[in-house]
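Please keep the sequence and the structure at hand while reading.

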Amino acid sequence: KYLMSKKRLIGVVTVKDHIAVQSFGYKRYYPLGKPEILIKNLDAWGADEILVNLIDRSTTNKGPDFNLIKKIASLKITTPIIYGGGISSIKEAVEVIKLGADRILIESILNKDIEKLIEISNKLGSQAIILSLPVNIKQGKINQFNYLNNKSTNISYKIVNLFNKKLISEILLSDVVNEGQKNSFNLKILKHFKKFNIPTIVFGGIGSKELIKEGLKYSFISAIAVGNSLNYQEDTIFKLKNSLTRKYFRY
C-alpha cells in the first residue's frame with residue numbers, strides 16, 4: 001500500500017489512555033473519542049497515510065497496544081497505517097506489522113538501545129522504520145528533545161548514519177514547543193535540519209495552507225503530518241490538497 005511518489009499528507013491520531021486526544025505540547029489534552037472512529041474518518045477523507053501515535057505506552061512501559069492494532073485492521077481501510085508507541089523489542093515490532101500496521105514509528109529505542117533499532121530494521125527492512133525526532137531550538141542551535149527525561153541534547157550525526165546505512169526510511173521531525181498550537185511550526189527548524197538531507201515528515205503546529213506551502217519548498221521534506229486541525233472538518237484534507245495543487249500531493 002505504501003507509495004513514495006510525490007509528497008504525502010499524513011493524518012495524525014494521538015492516543016492517550018485508549019482515547020484519541022487533541023494534544024497541546026503533550027502537556028494538555030482534550031478528548032476526541034475512539035481512535036478507530038478518527039482513523040476511519042481520515043481514511044474516508046483522503047489522507048495519504050495515518051499515523052496512530054500512542055504517547056503513553058513508552059513512558060509507562062506498557063508495550064504496544066495490540067488490541068488497538070487489531071481493531072484498526074478490522075476496519076479494512078485502504079490507507080497505510082503507521083503505528084508508534086511502546087515498541088521496545090524486535091518481537092513487538094514484528095507483531096505490530098503482523099497485526100496490520102504498514103510501518104512503525106520508533107523513538108525511545110534510539111535513546112535506550114540503538115542496537116535494538118538496528119535489529120528491528122534488519123528484520124523488517126528500512127522502509128518499515130520511521131525515526132521520531134522531537135526537536136527544539138535553543139541559543140540558535142537545534143536540539144533533540146527526550147520525552148523520557150525532559151532533556152535536550154545536540155543532534156548527533158549517528159542519526160544521519162542510520163539513514164546512510166539504510167536502517168531507517170524517514171524521520172518524523174516534530175516541533176516540541178509548538179505541537180498542538182494552531183499554525184505555529186517554527187520554520188527555522190527546517191533551515192537548521194536541511195543539512196542532514198534525510199527524507200523528513202514535518203509535524204507540530206503545521207496545519208495552515210501557508211505553513212504547509214513553506215515546508216514543501218524544502219526538497220528533503222517528504223510529507224506533512226497534521227493532527228488537531230483535521231479532526232473537525234471532513235473536507236479539510238481535500239481543501240489542502242486542492243489549494244496546494246497536484247504538483248505536491250498524490251491523489
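## Burial classes and the model

A residue counts as exposed when its relative accessible area is over 50%, as buried when that area is under 20%, and as partly exposed in between. The model discussed here is predicted.

By this cut-off K217 is exposed, because its relative accessible area is 56%. E214 has a relative accessible area of 32% and is therefore partly exposed. These two residues form a salt bridge, in which the closest N and O atoms are 2.8 Å apart.

## Salt bridges

The structure holds 6 salt bridges. One of them joins the side chains of E49 and R8, with an N to O distance of 2.7 Å. E49 belongs to strand β4 (residues 49-54) and R8 to strand β1, so this pair ties together parts that are 41 residues apart in sequence. E49 is buried at 1% relative accessibility, and R8 is buried with a relative accessible area of 0%.

A salt bridge also connects the side chains of R103 and E170, at 2.8 Å from N to O. This pair links distant parts of the chain, since R103 is in strand β6 (residues 103-106) and E170 in strand β10 (residues 170-175), 67 residues apart. R103 is buried, its relative accessible area being 2%, and E170 counts as buried at 0% relative accessibility.

Elsewhere, salt bridges that share partners join R8, E49, R103 and E170 into one network.

## Helix α9

Which residues of helix α9 are buried? In this helix (residues 236-243) they are T236, I237, L240 and K241. Viewed down the axis of α9, the buried residues fall within an arc of 130°, so they line one face of the helix.

The exposed residues K239 and N242 sit on the face of α9 turned away from its buried side. Among the elements that cover the buried residues of α9 are β1 (8-16), α1 (35-45) and α8 (209-216).

## T79 and its contact

T79 is located in the loop between α2 (66-74) and β5 (81-84). T79 is buried, because its relative accessible area is 5%. The side chain of T79 makes a polar contact of 2.5 Å with the side chain of D43.

Methods:
Residues are numbered from 1 along each chain as its sequence is written. This is a predicted model: local features need pLDDT of at least 70, side-chain atom pairs count only at pLDDT 80 or more; totals for chains, interfaces and linings use all residues. Side-chain values use heavy atoms; hydrogens and water are left out. Helices (H or I, at least four residues) and strands (E, at least two) are DSSP runs, numbered from the N terminus. Buried means under 20% relative accessible area, exposed over 50%, partly exposed in between (1.4 Å probe, protein chains only). A polar contact is a pair of N or O atoms within 3.5 Å; within protein, one must be able to donate a hydrogen and the other to accept it, and residues adjacent in sequence count only if both atoms are side-chain atoms. The arc is that of the directions from the helix axis to the C-beta atoms. Contact means heavy atoms within 4.5 Å. A salt bridge is a side-chain nitrogen of Lys or Arg within 4 Å of a carboxyl oxygen of Asp or Glu.
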